[in-house]
Amino acid sequence: MAISSPSEAPQESTDTQDAAPLAFVDLAAQQARIREQIDAAIARVLAHGAYIMGPEVGELEARLADFCGAKHVITCGSGTDALLMILMAQGIGPGDAVICPAFTFTATPEVIALLGATPVFVDVEDDTFNLAPSSLGAAITTAKQAGLTPKTILAVDLFGQPADYAAIEDVAEENGLWVLADAAQSFGANAQGRNVGTFGLATATSFFPAKPLGCYGDGGAIFTDDEDLAECLRSIRVHGQGTDKYDNVRIGINGRMDTIQAAILIEKLNIFEDEIAARNSVAERYSAELEASIVVPNITDGARSTWAQYTLKLPAEHRADVQRKLKAAGIPTAIYYPKPLHQQTAYREFPIAGNGTPVSDRLATQVLSLPMHPYLSDDDQDRVISALKQVLADTN
Ligand SMILES: *Cc1c(COP(=O)(O)O)cnc(C)c1O
């Protein structure tokens with residue numbers, strides 16, 4: 001995801017521009033709010049000097065478990081490592097198929113391929129952008145026809161809204177598969193009466209700076225209620241160590257989160273609920289003002305998104321024009337994602353579920369994300385809304 005702090009925001013000036021460009025994600029506003037607490041937290045780490053697996057790491061894990069209700073939390077170096085470590089712990093490797101959506105960030109299929117297993121791409125739902133449970137049957141058939149053993153459904157909570165885990169878990173159970181939740185964009189969300197962190201066998205999240213809960217570098221976490229899996233993950237996180245530090249019992253990685261990042265996240269977690277509420281206010285305002293002129297995001301009844309992205313759908317033939325005109329008006333936008341995974345060079349050879357990915361292919365040509373963060377003032381929201389309304393009126 002692109003981060004634009006004000007200093008990195010688009011700089012080009014144009015004749016139609018009447019004010020400095022907005023930030024797409026404003027990390028500086030959040031930093032200003034909690035700067036004193038962050039400085040104190042970092043100073044405490046510098047004072048005790050336990051830079052690796054210091055006390056803040058365990059403290060953060062307990063706080064995250066409390067926050068979402070998962071029994072076990074294992075922090076790690078990134079969201080990508082979180083996904084990788086779970087697949088490693090479950091022994092995923094050559095000959096195994098892991099079913100994942102075609103419309104997601106590269107890290108989702110990357111870890112599957114890295115372990116020598118095969119990602120099998122399935123389509124997503126047009127209204128939620130999330131894995132279509134009705135396509136899973138075709139994916140399982142495709143995997144078997146390719147001589148692979150289907151093992152895992154890796155669902156993604158795209159843009160902050162949880163996937164339809166009730167339906168996904170049903171298919172998994174019927175077919176002897178297990179479910180991994182890629183919640184890199186959705187920690188703090190909930191759906192179907194459950195919090196993100198409690199879906200599937202295990203959940204991976206990311207604390208990349210621009211995610212809804214981000215640190216000041218790379219970081220991630222794994223959530224699971226399975227005690228044996230949690231123990232295995234703690235071992236994998238430190239090179240596969242056993243009880244004796246120098247008798248490594250399995251192949252692992254260096255997957256630890258830095259103590260300084262844990263200390264920063266503890267301070268950010270203190271204001272996270274408030275920030276999720278602010279993101280939801282922005283999203284509600286955008287949708288109320290824009291739904292008459294454009295297709296706004298759809299949140300399933302009873303679900304709460306963390307709004308990692310606020311993503312519109314517009315006619316493919318208008319998107320480039322709308323994006324260019326908004327940019328000229330000082331409104332940065334982003335396209336997540338311009339290409340479905342199976343069209344990307346590294347992933348072209350992997351199987352696609354028999355029924356194809358027409359929705360993913362179309363969404364890649366239609367989506368456009370607006371500035372979204374908890375510190376978007378009413379005036380800034382107005383600016384986005386009126387610029388977009390104007391551009392749409394000119395374009396249609
Ligand atoms: C950001 C992201 C990841 C990877 O997280 P990192 O912390 O950057 O490694 C994985 N999956 C999705 C869907 C993401 O958005």
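These questions and answers concern one predicted model.

The model is predicted, so local features need pLDDT of at least 70 and side-chain atom pairs count only at pLDDT 80 or more, while totals for chains, interfaces and linings use all residues. Residues are numbered from 1 along each chain as its sequence is written, and side-chain values use heavy atoms, with hydrogens and water left out.

Visitor: In which helix does Ile-140 lie?
Guide: Helices here are DSSP runs (H or I, at least four residues), numbered from the N terminus. Ile-140 falls in the run of residues 136-145, which is helix H5.

Visitor: Is Ile-140 buried or exposed?
Guide: Buried means under 20% relative accessible area, exposed over 50%, and partly exposed in between (1.4 Å probe, protein chains only). Ile-140 has 6% relative accessibility, so Ile-140 counts as buried.

Visitor: How is Asp-170 classed by its relative accessible area?
Guide: Asp-170 lies in helix H6, residues 165-175. Its relative accessible area is 48%, so the class is partly exposed.

Visitor: Within what arc do the buried residues of H6 fall?
Guide: The buried residues of H6 are Tyr-165, Ile-168, Val-171 and Ala-172. They line one face of the helix, because seen down the axis of H6 (directions from the helix axis to the C-beta atoms) they fall within an arc of 125°.

Technical notes: Helices (H or I, at least four residues) and strands (E, at least two) are DSSP runs, numbered from the N terminus.
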